[in-house]
Amino acid sequence: MTQHPPTAPLDRPVVGSYPTYEGAQRAVDFLSDSKFPVERTAIIGSDLRMVETVLGRLTRGRAALAGAGSGAWFGLLIGLLLSLFAAGNHHVLVLMISGLFYGAIFGALFGFAGHAFTGGRRDFASRSQIVAARYDVVAEADVAEEAKNMLIKLGWRES
């Protein structure tokens, strides 16, 4: 396989523009299926914005419950590690259940306290993501025309 020197994605001509990332991904997949050298392409998101989706109200009880859940997983991991490295005849199941129990207790306490110390400044749970208004597929200049023609064929197929 021939190695080509990398070109900065912003210096490459746009061969296709799509409103969703899935559309740009489908275009590159089509190029790949058509034996096009996709290692010479890139997908560039433009006009980025952060979208924070509010999932619901966060109360001290919910914070404690979330802390208990993550603490239980951590405690289970600690119990498993203890069962592997503990000397003596400790029963594996007892160590794992003890770790799960104590992890949940301490996780709930830390979750409750952590939320209580915020003083009500952030009483909601949310999920953040970065989205783009447009996704451009770009290719190196010497193969850009070929890629553009192939993507025109993809457009004909999807019409």
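Predicted model: local features only at pLDDT ≥ 70, side-chain atom pairs only at ≥ 80, totals over all residues.
Local features were considered only at pLDDT of at least 70 and side-chain atom pairs only at pLDDT 80 or more, whereas totals for chains, interfaces and linings use all residues. Residues are numbered from 1 along each chain as its sequence is written, and side-chain values use heavy atoms, with hydrogens and water left out.

Helix α2 comprises residues 60-85, where helices (H or I, at least four residues) and strands (E, at least two) are DSSP runs numbered from the N terminus. The 26 residues of α2 reach 36 Å from the first C-alpha to the last, close to the 38 Å expected at 1.5 Å a residue, the expected span being 1.5 Å times one less than the number of residues. Its buried residues (under 20% relative accessible area, with exposed over 50% and partly exposed in between; 1.4 Å probe, protein chains only) are Ala63, Ala64, Gly67, Ala68, Gly71, Ala72, Gly75, Gly79 and Ser83, and these pack against α3 (92-116), contact being defined as heavy atoms within 4.5 Å.

A nonpolar surface patch of about 800 Å² is formed by Phe74, Leu77, Ile78, Leu80, Leu81, Leu82, Leu84 and Phe85. Isoleucine 78, which lies in α2, is partly exposed at 34% relative accessibility. An unreviewed UniProt entry lists residues 63-86 and 92-117 under "transmembrane region", although such annotations may be inferred rather than shown by experiment. In the model, the end C-alpha atoms of residues 63-86 lie 33 Å apart and those of residues 92-117 lie 37 Å apart; the former span is 96% helix and 0% strand, and the latter is likewise 96% helix and 0% strand.

The whole structure contains 5 salt bridges, each defined by a side-chain nitrogen of Lys or Arg within 4 Å of a carboxyl oxygen of Asp or Glu. One of them joins glutamate 140 and arginine 40 at 2.7 Å, N to O, linking the loop between β3 (124-139) and α4 (141-158) to the loop between α1 (21-33) and β2 (41-57), 100 residues apart. Glutamate 140 is buried at 7% relative accessible area, as is arginine 40 at 8%, and Arg40, Glu140 and Asp142 are linked in a network of salt bridges. A further salt bridge connects glutamate 52 and arginine 122, also at 2.7 Å, N to O; because glutamate 52 lies in strand β2 and arginine 122 in the loop between α3 and β3, the pair ties together parts 70 residues apart in sequence.

Note on methods:
Patch = residues over 30% accessible without salt bridge, like charges linked within 9 Å, V, L, I, M, F, W, Y side chains within 5 Å. Areas by Shrake-Rupley, 256 points an atom, 1.4 Å probe, with all protein chains shown as cover.
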